Every structure is written in C-alpha cells, then in structure tokens.
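Student: I'm new to this one, could you walk me through it?
Tutor: Gladly; have a look at it, and then we can go through a few parts together.

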Amino acid sequence: GQVLVGKISLIQPIRSEPTSEDGTNKWLVEINEMEDVGDGYYADYPSRKRRKCALRKLEEIAPVPASFVRTEDAYKIPVERGTNRPLPSHASYDLIGYEGPAAVPINQDVVKTDGEKYDKIKNDLIRNSAIAGAAGAIVAQLVSGSNIALIYAAGAFAGVAYLFFLGIKTDTVGSEDAKLGSNVSNLRFVFPGLVLVGVALNNKMSGDSNPVSTPGMFSTVTPQQFGAAM
C-alpha cells in the first residue's frame with residue numbers, strides 16, 4: 001500500500017473500542033502529511049497549499065529518523081534502495097504500558113508571577129496612553145485651538161478604549177469566556193469611527209462655519225481634523 005510520511009500533531013485515546021494488553025486499539029493519531037520532494041527529502045506543504053491530514057491507529061505507524069537540511073528546507077529520510085520507500089528505525093512504537101503524551105508540569109508560582117507582570121504592563125500601557133493623549137490635547141489647544149484639541153482628546157479616548165477592549169480579548173483567550181470576550185472586544189473598532197462621525201456631524205450642523213470647503217460624501221472632515229482624531 002501507499003506509504004505516508006508526516007509529523008504527529010495529535011494523540012488521543014479511542015473510547016469506542018476495547019483495548020488489549022499489548023496497547024493496541026487504544027490510541028488514535030493525527031498526522032500532518034509531508035510532501036515528497038525527491039531524493040529522500042520530505043517537506044512541509046507550503047502555506048498556499050491545503051494541509052493534508054491523516055488519521056491512523058498508533059500501532060499502524062512506525063518512527064522514521066529524519067534530519068533537517070537547511071539548504072533544502074526539508075527533512076532527509078533514509079530510503080530503501082530500488083524502491084525509495086522510507087526506512088523506519090523500528091517496525092512500530094512500543095505500546096505496552098504507554099499512557100499517552102506526558103503532561104508538562106506547570107509551576108503555579110511562575111504562572112502567578114507572570115500574570116502579575118502582565119497586569120502591570122497592561123495597566124501601564126493604558127495609563128501611559130491616557131497621559132500621552134492628555135498631553136497631546138494640551139499641545140493641540142496651544143497650537144490649533146479648542147476645536148482641534150477637543151477632537152484630539154476624543155481620538156485619544158478612542159485609542160485608550162481600543163486598548164482596554166483589546167485587553168478583554170487577551171484576558172479571556174483560552175477560557176470559557178473566550179467567545180464572549182472576543183465579541184465584547186470587537187467594540188474597540190467602533191470608537192475611532194464614532195469620533196469621525198461626531199466630527200462630521202458637527203461640521204454639517206455648523207452651517208456657514210463648516211470648515212470643509214466643498215462638503216461631500218467622502219469629504220466631511222478636514223485633513224487637520226482627521227489627523228487629530230486619528
């Protein structure tokens with residue numbers, strides 16, 4: 001039959017079949033197939049090609065020694081002369097007593113410390129962004145007047161809100177609330193648009209004082225206003 005070469009990406013237990021003492025019928029393996037590029041070289045499929053996966057029982061596959069060759073950007077695998085079939089190092093994996101992938105021990109103290117560092121970095125980023133926005137609004141007041149300063153302050157607030165809601169998405173990644181956090185965090189995309197809409201409506205209601213010389217669908221704010229808002 002056809003010989004497939006690939007990388008094991010997942011090992012999971014088989015629940016529906018009775019297991020035997022020799023370890024068979026116990027584990028199902030997902031394999032990411034590799035592309036045969038010739039001369040015993042096998043490479044990962046390029047991102048532009050659809051990744052190929054195969055499911056096999058663990059007792060149906062065998063380990064193959066491989067060395068990565070940087071110049072070929074592929075793995076060199078020993079092959080049988082004449083047939084070019086890959087030569088496994090063993091006929092199969094030793095399944096007797098195998099209990100699945102070993103769990104990586106997690107140091108809870110390190111997790112706690114890293115969490116505290118992350119919270120500090122996140123809070124510092126939001127605080128510094130707010131301070132920078134306030135300072136920029138003061139400078140805009142001195143240089144361009146109250147109108148531009150107000151727009152700049154609104155844009156700075158939108159930036160801080162963007163960071164805050166982005167933090168919600170980051171905080172919930174991998175948790176039970178991941179979907180909710182992702183949905184709520186999408187509000188961050190609304191704030192910059194609201195600022196521009198507010199400026200455009202204010203210009204439109206200004207009548208003869210509208211700073212836009214030729215109002216239109218795509219010219220509702222001035223370049224200076226757009227720059228201040230963003």
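Predicted model: local features only at pLDDT ≥ 70, side-chain atom pairs only at ≥ 80, totals over all residues.

Student: OK, so which residues of α4 are buried?
Tutor: In α4 the buried residues are V195, V199, A200 and N203, and they sit on the same side of the helix, because they cover an arc of only 125° around its axis.

Student: And which ones are exposed on the other side of α4?
Tutor: Those are L194, K204 and M205, which are exposed on the other side of α4.

Student: What covers the buried residues there?
Tutor: The cover over the buried residues of α4 includes α2 (146-172) and α5 (223-229).

Student: Switching topic, how many salt bridges does the structure hold?
Tutor: The structure holds five salt bridges, and one of them joins K7 to D44, with their closest N and O atoms 3.2 Å apart. K7 belongs to strand β1 and D44 to the loop between β4 and β5, so this pair ties together parts that are 37 residues apart in sequence.

Student: What about D124, where is its partner?
Tutor: D124 forms a salt bridge with R127, the closest N and O atoms being 3.0 Å apart, and both residues lie in helix α1, three residues apart, which is about one turn of the helix. K120 is linked with D124 and R127 in a network of salt bridges.

Student: Is D124 buried or exposed?
Tutor: D124 counts as buried, because its relative accessibility is 18%, whereas R127 is partly exposed at 43%.

Methods: Residues numbered from 1 in each chain as written. Heavy atoms only, no water. Buried < 20%, exposed > 50% of the residue type's maximum accessible area, 1.4 Å probe, protein only. Helix = DSSP H or I, 4+ residues; strand = E, 2+ residues; numbered from the N terminus. Arc of directions from axis to C-beta. Contact = heavy atoms within 4.5 Å. Salt bridge = Lys/Arg side-chain N within 4 Å of Asp/Glu carboxyl O.
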